[in-house]
Amino acid sequence: DGQPFPDPLSNNGPSVIYTLTVQNQPPTIDLVLESPEINEGQTAILTVDASDDDGIKEASIGWGDTMLEHFKPFSINTRTYTHRYAGDSGNTTFPITVIITDTNDTKADEQKFITVKNVAPTIRGLTIDPSKAVDSTQGISPSTVITLSAFFTDPALSVETFQYEVKWGDNSSTPRTTITPPNANNAFAITHTYTISNSYTITVT
């Protein structure tokens, strides 16, 4: 009575067949955006943490403003990238898209969003010639031609157009005039003549 237990290593014993399915898994991506809101002209800082059991072959980052960067090989799993947003005509939200490709050409993507805020220009170097026009002890006589000169700065000089307007304080103004930088120091100059003796406040916008 009793039969010997089959030797699992023997060709005469029962056999068990396992069918295994091994599927390649896409890379994992974690993105950290230092600030989701910046001013035009400032730099976005993005940290990318990517991993894959098979290894990572390459990566790409689309910053949402036509800038697309490729990184191959991608040898360090955690890296920090920067991008300067030159500017826009208003507050604009850009998608930042990261695509990671492993050594088996399996891809994964992840997104963050950043809002770039428009910044008002800064007027500098405002002068009036002749300078005695702004001297209360001297002044100028009516019919004297004065020249107002100024220049301005803005983080988005390379991508935006600008307009200036001068209100002379005597119920007259200069129509809005368009400037497309870069020109000579982003400067403008305009003349005006007062016909009545008085004190006037000039406003430049």
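This is a predicted model: local features need pLDDT of at least 70, side-chain atom pairs count only at pLDDT 80 or more; totals for chains, interfaces and linings use all residues.

User: Is lysine 57 buried, partly exposed or exposed?

Analyst: The relative accessible area of lysine 57 is 25%. Buried would require a value under 20% and exposed a value over 50%, so lysine 57 falls in the class called partly exposed.

User: Which residues does lysine 57 contact beyond its neighbours within four places in sequence, and how far away in space is phenylalanine 71?

Analyst: With those sequence neighbours left aside, the contacts of lysine 57 are Lys72, Pro73, Phe74, Thr101, Asp102, Thr103 and Asp105. Phenylalanine 71 is 14 residues away from lysine 57 in sequence, and the C-alpha to C-alpha separation of the two is 8.9 Å.

User: How many helices and strands does the protein have?

Analyst: From the N terminus on, the elements run β-β-β-β-β-β-β-β-β-β-β-β-β-β. The count for the protein is accordingly 0 helices and 14 strands.

User: What share of the contacts with a separation of 6 or more comes from residues 24 or more positions apart, and what share of the residues is buried?

Analyst: Among contacts in the protein with a separation of 6 or more, residues 24 or more positions apart account for 61%. The buried share refers to the 205 residues of the protein, and its value is 27%.

User: Which residues form the covered face of strand S10?

Analyst: In a regular strand, side chains alternate between the two faces of the sheet. Strand S10, residues 145–153, has an uncovered face made of Val145, Thr147, Ser149, Phe151 and Thr153. Its covered face consists of Ile146, Leu148, Ala150 and Phe152.

User: Over how many bridges does S10 pair with S9, and over how many with S13?

Analyst: Strand S9, residues 122–129, pairs with S10 in the antiparallel sense over 6 bridges, and within this pairing the bridge partner of threonine 127 is serine 149 in S10. The pairing of S10 and S13 is also antiparallel, and the number of bridges there is 7.

User: Which residue stands opposite isoleucine 146 in S13, and is that residue buried or exposed?

Analyst: Strand S13 spans residues 187–193 and contains histidine 192, which is the residue standing opposite isoleucine 146. Because its relative accessibility is 13%, histidine 192 counts as buried.

User: With which side chain does the side chain of histidine 192 make a polar contact?

Analyst: Beyond its neighbours within four places in sequence, histidine 192 is in contact with Thr144, Val145, Ile146, Trp168, Asp170 and Ser172. The polar contact made by the side chain of histidine 192, at 3.0 Å, is with the side chain of aspartate 170.

User: Which strands are the edges of the open sheet of 3 strands?

Analyst: The order in this antiparallel open sheet is S12-S11-S14. S11, residues 162–167, pairs with S12 over 5 bridges, and the bridge partner of lysine 167 is serine 173 in S12. The strands that pair on one side only are the edges, namely S12 (173–179) and S14 (203–204).

User: What is the volume of the largest pocket?

Analyst: The lining of the largest pocket has 10 nonpolar, 7 polar and 1 charged residues. Of the 18 lining residues, the closest to the pocket centre are Ala133, Ile140, Asn198, Ser199 and Tyr200. The volume of the largest pocket is about 370 Å³.

How values were computed
Residues are numbered from 1 along each chain as its sequence is written. Side-chain values use heavy atoms; hydrogens and water are left out. Helices (H or I, at least four residues) and strands (E, at least two) are DSSP runs, numbered from the N terminus. Buried means under 20% relative accessible area, exposed over 50%, partly exposed in between (1.4 Å probe, protein chains only). A polar contact is a pair of N or O atoms within 3.5 Å; within protein, one must be able to donate a hydrogen and the other to accept it, and residues adjacent in sequence count only if both atoms are side-chain atoms. Contact means heavy atoms within 4.5 Å. Two strands pair if DSSP finds at least two bridges between them. On a 1 Å grid over the protein atoms alone, a cavity is a set of points where a 1.4 Å probe fits but cannot get out, and a pocket is an open set with protein on both sides within 12 Å along at least five of seven lines; lining residues have an atom within 4 Å of a point. Grid points are joined across faces, edges and corners, and a volume is the space filled by probe spheres set on the points. Ala, Val, Leu, Ile, Met, Phe, Trp, Tyr, Cys and Pro count as nonpolar, Asp, Glu, Lys and Arg as charged, and the others, Gly among them, as polar.
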